[in-house]
Every structure is written in structure tokens, then in C-alpha cells.
Amino acid sequence: FGRAVRECLPQEGDSWVVPPKEEGSPIWSGRADLRDLLICSIDPPGCQDIDDALHARPLPNGNIEAGVHIADVSHFVHSDTPMDSEAASRGTTVYLVDQRIDMLPSLLGTNLCSLRPHVERLAFSAIWELTPMAEIVNVRFTKSVIASKMAFTYEEAQKRMDQRSLSDPLTESIRLLNLLAKKLKAARMAAGALNLASPEIKIHLQSAESSDPIDVEQKALFETNSLVEEFMLLANVSVARRIHEAFPQTAVLRRHVAPPKTNFEKLQDILMKRKGIKLDVSSSGALASSLDRCIDPNEPSFNTLVRIMATRCMLAAEYFASGSVARDAFSHYGLASPIYTHFTSPIRRYADVLVHRQLSAAIDFSPLHAGLHSGQRVEQILDNVNRRHRMAQMASRASTEFYTGLALKARETLAGGTLPKENAFVIRTFRNGISVFVSGLGLEGLILFEGAVKYDAEGYTVTIPSTSGGAELQLSVFDQVEVEISIEKDKNTQQGKVKMQLAGGGHGSR
């Protein structure tokens, strides 16, 4: 970050604190004092930019109060400043395996805005009264001051929740949140939301100082992952409704357009021919139910694979200004929500900063900057944010693939040059090869065959002659194969590229 941006940071630097609560204090004016609430954060291991924290407590009337508390980034990042321009230009934080390219200077992102435990922090809170069945009675939004009591990893929160001997108020709060989250999720699924699988990969580096990978595995998912996700979705939907009500022409929203039915035709045909399964894509609800029925009792991973393939038939979600499209085009197909936005990650997403400014104006906390009253200006900013978001996703995937390759190379070295073998599914067939998906690594690879190959396009099958005089090999989409994975240098870029071939030899693959 350049000097002009750094000059926008609080002069006190690391020693900045929320000032004492006094009459006439500008920071406390209009803010709710929520420091006594049992608030905690639940994040991946090593998370430093803590955007969100939660709480829940029973109410005397039998209902439950639940709160999502989000870092108040817009208190520090003001419109028309060099720091705001830089954040708008970057659009998002980019997460790579070995480093993070921040949207905001680390003084804010990992310190003053981050909702660390045991320190007072400025927040923007959404607080609901919910029935025990997780139906919303009311919601209020307020700028606040909080003091998080604990920062958990997903696994730590899960262990605490599961330990029946613990009955302290913070543990009970997490259990209450989890009960509500389960009911919120059930209601979303009943409304037609999609549960689309995308395996996340964890790469083990040699040490915090080294970027040498030593192994790779799939990330474990806990109930607490879902707990956090449900409350973030609830906050995003509630905020979207409020800002659209206040600013019907310029509200910063996020939509996911329903994919054309033609996008699914090939997947439908493959499922019917290979497995006798009918995929109904008439609505997101019908697709969700259909995906639940895509089961192969002999292969537990089959359902995940079909969900991944269905995800690839989708269109990308995008940010937009509410006045730029018709009201019936607002909906988020994947979430089955008629309206949606991003409010919960302002440290790492610029769209959320804009949403915070709009919500702040909607609750009469602060006036809205003139630029956010102009639909054309908002669309201009969001065009860049959409582009940067796509680029960040591509960079993140490329980084994961690159480091997965290095981790596999390390495995090969440890095994004395023996190529690592992994189970894979055939996901496409071609005239001269197959495309496979290694679910354990989240990697897709192309295997090409030497010599004459019989290709049945209608049956999604290739037949490969044996190179050792044995039986020929027939492979179809959804078949499981064992592959050997190696790393070869690309002749043009000199970068390592993942190469796959069928294990066991006998059939000419490369």
C-alpha cells in the first residue's frame, strides 16, 4: 500500500482503542453497548481477519435472541479517500496457499477491524428475535461496540458443543445457535436451495516460515461450519431486504441467475444412460430433490461427484445495483432466495463495504455518500468488483493446483520415486482420451491414449486396446479408475504441471 493509503490509517496505529463510553463521545453516539453479550467467533484455523462473530440467548417470552456482529470497516474506510479508492480498485482480498493479498492494510484487516477476543471492537450488528422453530419475529440493525469472549476454530467449537459435561453460558449459546441453524437450513432446503459440493483442499506446508508443501488432504467439515454459514446467509438476506427498501434504485445486491435448461442436457443424458437416474431441472427445488436421489449404494462419493458436475452447469453469481434489472430478476438461484447481498465480510470484500454504508444510511446512523445515490456510478464500481472477484477465484484455484502438485512431488520423493496413486472418477470421454476427477485432491486431469481407440459418443464410452496383449479396457463416465500422478515441467513456462496416467500399465495412456 502506498503512502497516501497509509496516511488514511488511524494515527495511533496498533495502540488505537475504542474510547471510554462518555456522554458526547462521537464514536459512541448512536452505538449500542453490547460488550456484556457472550459473543464469540468461529473461523478456520489461523484466521486473522475475523469479520464476523455471533451470540444467542433465550428471551423471557420463550423466544431466542440471535445476533450476527460484523466488523465495522466503514468506520475506518471513508468515501473519497485514497484508501477507499484502493480498496474499490482491488475489490477483494486474494487468498493463495502461501500468502494473502489484502484488500485493506493489515493494521485494519488483521487488527483494528478484526473481531479479536478480549478486546473491544466496533461492529455492525444484526439482531433477530426468533421463535424456537427459527421463524423471524423481528430484526433490528445497529452500529455497536462488542467484546468477543472467545475465538474458536470450527473444530474447537464443535468439540465444546459436543462435550456434554460442559454447560457454561458460552457453550450453551453455541448449542442454541446450532439448533437454530439446523432449522434455518431445513427451511432453506425446503424452499429449494441447492447443496452443491466443492471439495476444499488443505495443503500442509513444512512450517509457518516455509512455503514448501509436504502433503495435501481434503478439509474436514464440521456441524459448526454449517452453523456459521446459516447465520451469515440469514444476515445477508435480512440486510438485502432493508437496503432495497431504503434505496430501491441503487441497493448493492447479489444475484445468481437460473442457468438455461440446455446447460444440463449432457449431464441429464449421462445420468440416464449410465445410471438410469432422471435429473429434474425444472426449478432449483426440483434440481435439489433430484440431486438428493443421485445415489449409488456401492459408491458413497458418487453423490458428491454429481453435485460437482451440476455446479459446472451453473452460471456465476454477480453483484448488481437494484435499479439496473427488473425486480423478478433479483433472485439467487442457488440459495433459493428472492433477494440477497453480501454484508458479512467487509474486511475482504469491497461490495460489503458499500452495503455497510447503505445500511448505515437506512437506519439513519450516517448520511449516504452522493456516489451511492447514482445507479450508474454503483454499476461502474460493481463491474470492477465482479471482475476482480473472478480473477481472485482463478488465482486461488491456480495456487491450490500448483501447491498440490508440489505436495505430490514431495510424496513421490519420500516414496523413492514411486508415483503417487489416487482413486479417480471418469467425468468425460473423448475420441482419444478421458477426463478424470480425483476427489481426494479436488484435481481434474486429462488422460490421452496412444494408438487406435474406439469411441462411443452416444454411450460416453472409450475402449482402449491393450499394449501388452491382454484384454482391452472399456471406460465410461462415472467409472472409477486408479491413476498415477506425476509433475512435469511445461516446456513453455517451465512451471510444474500435474500429469495423470492410468495406473498398472498395459494400456497406452499419457
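User: How many helices and strands does the protein chain have?

Analyst: In this predicted model, the secondary structure of the protein chain amounts to eleven helices and 21 strands.

User: And how compact is the chain?

Analyst: Its radius of gyration is 25 Å, close to the 24 Å from the globule rule for 510 residues, so the protein chain is as compact as a globular protein of that length. The C-alpha trace spans about 90 × 55 × 50 Å along its principal axes.

User: What share of the residues is buried?

Analyst: Buried residues account for 50% of the 510 in the protein chain. Of the contacts with a separation of 6 or more, 66% involve residues 24 or more positions apart.

User: How many aromatic pairs turn up in the whole structure?

Analyst: The search finds five aromatic pairs. One of them is formed by Trp16 and Phe76, in an edge-to-face arrangement with 5.1 Å centre to centre and 75° between the planes.

User: Where in the chain do those two residues sit?

Analyst: Trp16 lies in the loop between helix H1 (3-6) and strand E1 (32-33). Phe76 belongs to the loop between strand E4 (64-71) and helix H2 (82-90). The pair thus links distant parts of the chain, 60 residues apart.

User: Are Trp16 and Phe76 buried or exposed?

Analyst: Both Trp16 and Phe76 are buried.

Definitions and conventions: Residues numbered from 1 in each chain as written. Predicted model: local features only at pLDDT ≥ 70, side-chain atom pairs only at ≥ 80, totals over all residues. Heavy atoms only, no water. Helix = DSSP H or I, 4+ residues; strand = E, 2+ residues; numbered from the N terminus. Rg over C-alpha atoms; globule rule 2.2 N^0.38 Å. Buried < 20%, exposed > 50% of the residue type's maximum accessible area, 1.4 Å probe, protein only. Contact = heavy atoms within 4.5 Å. Phe/Tyr/Trp six-rings, centres within 6.5 Å; stacked < 30°, edge-to-face > 60°.
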